[in-house]
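User: I am new to this structure and would like a guided look at it. Could you show it to me and take my questions in turn?

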Amino acid sequence: METGYNRNVEEFREKEYPMLADAVYLDHAGTTLYSKSLMERFTADMMGNLFGNPHSASGSSQLSTHRIEDIRLKALRFFNADPDEFDLIFVANATAGIKLVMEALRECDGGFKYGYHRAAHTSLIGVRENAVSSQCLVDLDVERWLSGRESLVDEETGSKTNLFAFPAQSNMDGRRLPLSWASRARKLNNSTSTTYTLLDASAFVSTAQLDLGDANTAPDFTVLSFYKIFGFPDLGALIVRKESGAILQERRYFGGGTVDMVLCVKEQWHVPKAQSLHESLEDGTLPFHNILALDAAIATHKQLYGTMDQISQHATFLAQRLYDGLANLRHSNSEPVCVMHSHGFNSKPSPHMQGPIVAFNLKNSHGAWVSNTEFEKLAAVRKFHVRSGGLCNPGGVAACLNLEPWEMRQNFSSGFKCGTEADIYGGKITGVIRASVGAMSTKSDAEAFISFVDEFYCETVTSPPVSPLSVSQSLGHLFVESLTIYPIKSCGGLEIPPETGWEVRPEGLAWDREWCLVHWGTGQALSQKRHPRMALLRPMIDFEGGLLHVRYQGTLPQGLPKEISVPLSENPAFYSGSESKKSLSSRVCGEAVVTRMYGKKEINKYFSEILGVSCVLARFPAGGSGFGTRHSKAHMQKHQRPKTDFVPDVPGTFPAPPTPPDSDSEVQKRPILLSNESPILAINRASLDALNEEIIRSGGKPASASVFRANVVLASATSERQEPYSEDHWTGLRIGRQTFQMLGSCRRCHMICVDQDSAEKNEEPFVTLAKTRRFESKIFFGSHMCHIPSKELTKEGQYPTIRVGEVVLIES
Ligand SMILES: *Cc1c(COP(=O)(O)O)cnc(C)c1O
């Protein structure tokens, strides 16, 4: 069953591709390889002829000119395009072709609206910056638009011109998109609007026949790079359907070779060349040596491979084998080794829907991601040539890895950029691995790669991952009664719903005190102590919409909206401009790292009017952003802490203790063994019960757990009563699978007297605490702790979470 496999390739492979030697080259989507015959034919042509700069009268120049025009026709014919109906403009690469189209369209009356498919290469996406409005589309959007139910781009502008761009094949996962979109788009044209179609055929043409045989159904503009087909030369083409070509004359720039006459002294006037489209668009001296090489490339390619259809069958056959081999790899606990992203191989192999690109990621036997950068390093040592990362295809990668925009921003802010080392954040991997085959690939390439993955990434002995503690194991122990985060420092809490596993990050619970309100004048962060109404500002996190919503529970001042929202995304555009109060924010923490102030008037007005104090919303820079301090959030909290006389037992060994969530308290003097970067506050229900008994005895109003603004409330799992204040002696905790180190008790001030539901101030529980829990004139309630990251390579290790109901074990 070797349908489509070309045995000849094995025969000539060693001779034609000596540079492969013992390498396994699986990056044909990056570029395919040039054959020895091609290079020899090109060299012979160069040595045997005298080529001058084209377009002048000398014999050598004329030779170049004539050859270029012949090669232009050959290239058109290669794509079955009739020279009467199409023109081909030589450009540096596909990207240059895209820019040429963009340069013309932006000169249209009213500019142009731009719709591009989510599978688009970065080079297509960049066009949006020149459009009056733009939109990224998925199949459904395209279908709705083509069936006339929706416009291409939602936003209404005065523009009558649309540009719709899509790749014929995704360079990320090899999906082939419907070429019929081009002709269907044309049918929508009427007197009020014209849509031009731009097909990025770069990845497609590498292993498939682009057929422009019917000018009526062809895209208006098609771009591609020849090195993707032939390996050489580095040259691109923009193929224009002549009927739609006039629009390209709109571009303003003219380069040498594109004009018949130019006046520049005293008068400014020029006449574009008008004979053919390509004459007016090919700026400067053509890459004529490259064009001559294209001649050799086309001829050699035909000689070695016959037709593109033959290549297509060969490559599809190999890619399917590669896909099946990887998809079937199993760890000894039967968990899959590879997570596959190229879905076209799943169904019946069909070259109409899937190109020979296999995109995937690796997981270990516990379901944790294997870092792509690690994989790449090992692959390089073993001489496998594959690509990994974002692959210049942001939409495709985000879609298959479920990355939300705010996560990508977050990742970016915490140091992730294209081409950097770390690639797993918050339990998600940020790039894919791509293996792509081409005309000169062989079965042994595919097999060697599968064996490599099998050898290094298939685990034959799998240690059982640590299981979460079950209740029966720990009768008489504690469990997590509730989890709360305070997205805006000192404002209302957000209770984590019982069934939700909440991420524990190095700097605390995810989204805990990510924002704060800063006094406009002094730069100090506002606190409930002075502004009790802050308790009534209730935040909500909407992960799908990527927004933090804030509502006020009290009586809203007139004219304010019910709710305001800020993006979770770290978009610099949301923050104040250049006159942002830098000096102000630097006083907050006394460091070069500053919080970022939101510039939006509505947001700051909302908080200022409710609290009756002029303030701005600010965000802490993401943890580990590398501005000379590891976790600026922890830093800022440290700097806001009231002065303490804390002296570590071993000077220089221990960092200063963390401050509690609302910075109005400090840590009891005791040696601290770990970092100061994980301020999580826990309280024990047994201690609260004991405290409330005291309060009731003296006739006061019992305190709710919420006044202590803890992140974690622990309670007894049985009716057996826990010893109150036993937490003073704990050294560590295990919550579910996660381990925490206790850092000391939390010092309290009268902020705990603010009722979190009414914002009213009471006497209790401060008064009773002062009587019962005072040590060296300081008052303590609750404990600080920090998470100890697991070294285990498990899903949970990469994305540590805790949840309500989990069992808690105590170390003391
Ligand atoms: C390779 C590729 C490009 C970019 O080609 P350049 O030669 O870098 O301009 C664009 N789109 C797709 C689909 C590609 O595969």
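**A helix across a sheet**

Analyst: Helix 11 (residues 308–327) lies across strand 11, strand 12 and strand 17, running at about 15 degrees to strand 12. Here contact means heavy atoms within 4.5 Å. Axes are lines fitted to C-alpha atoms, for helices over the stretch in contact, and angles run from 0 to 180 degrees between N-to-C directions. Helices (H or I, at least four residues) and strands (E, at least two) are DSSP runs, numbered from the N terminus.

User: What should I know about the model itself?

Analyst: The model is predicted: local features need pLDDT of at least 70, side-chain atom pairs count only at pLDDT 80 or more, and totals for chains, interfaces and linings use all residues. Residues are numbered from 1 along each chain as its sequence is written, and side-chain values use heavy atoms, with hydrogens and water left out.

User: Which strand order does the open sheet of 4 strands have?

Analyst: The order is 11-12-17-14, and the pairing is antiparallel. Two strands pair if DSSP finds at least two bridges between them. Strand 11 (338–340) and strand 14 (387–389) are the edge strands, each pairing on one side only. On average, neighbouring strands of this sheet are turned by 30 degrees against each other, direction ignored.

User: And over how many bridges do strand 12 and strand 17 pair?

Analyst: Strand 12 (residues 357–362) and strand 17 (residues 432–436) pair over 4 bridges, in the antiparallel sense. Within this pairing, alanine 359 stands opposite arginine 434 in strand 17.

User: Back to helix 11. At what angle do helix 11 and helix 15 pack?

Analyst: The angle between helix 11 and helix 15 (residues 443–457) is about 15 degrees, and their axes are 9 Å apart. The two helices are therefore roughly parallel to each other. For reference, angles under 35 degrees count as roughly parallel, over 145 as roughly antiparallel, 65 to 115 as roughly perpendicular and the rest as oblique. Helix 11 passes helix 15 in a right-handed crossing. A crossing is right-handed if the near helix is turned clockwise from the far one by less than a right angle, and left-handed if anticlockwise.

User: Which residues of helix 11 and helix 15 meet?

Analyst: From helix 11, Phe317, Leu318, Arg321, Leu322, Gly325 and Leu326 take part; they meet Lys443, Ala446, Glu447, Phe449, Ile450 and Val453 in helix 15. The residues of this contact divide into 8 nonpolar, 1 polar and 3 charged. In this scheme Ala, Val, Leu, Ile, Met, Phe, Trp, Tyr, Cys and Pro count as nonpolar, Asp, Glu, Lys and Arg as charged, and the others, Gly among them, as polar.

User: How do helix 2 and helix 10 pack?

Analyst: Helix 2 (residues 36–48) and helix 10 pack at about 135 degrees, with their axes 9 Å apart. The two are therefore oblique to each other. Helix 2 passes helix 10 in a right-handed crossing. By class, their contact has 8 nonpolar, 4 polar and 2 charged residues.

User: Changing topic, how many salt bridges are there in the whole structure?

Analyst: A search finds 32 salt bridges, each defined as a side-chain nitrogen of Lys or Arg within 4 Å of a carboxyl oxygen of Asp or Glu. One of them joins the side chains of aspartate 295 and arginine 67 (3.2 Å, N to O). This pair links distant parts of the chain, 228 residues apart: aspartate 295 is in helix 10 (residues 288–305) and arginine 67 in helix 3 (residues 59–78).

User: Where is proline 233, and what kind of peptide bond joins it to phenylalanine 232?

Analyst: Proline 233 is in the loop between helix 8 (227–230) and strand 8 (236–241). A cis peptide bond joins phenylalanine 232 and proline 233, with omega about 0 degrees. Another cis peptide bond joins glutamate 764 and proline 765, with omega about 5 degrees. Proline 765 lies in the loop between strand 31 (738–747) and helix 20 (766–772).

User: What is the phi of cysteine 392?

Analyst: Cysteine 392 has a positive phi of about 55 degrees although it is not a glycine. Its place is in the loop between strand 14 and helix 13 (394–401).
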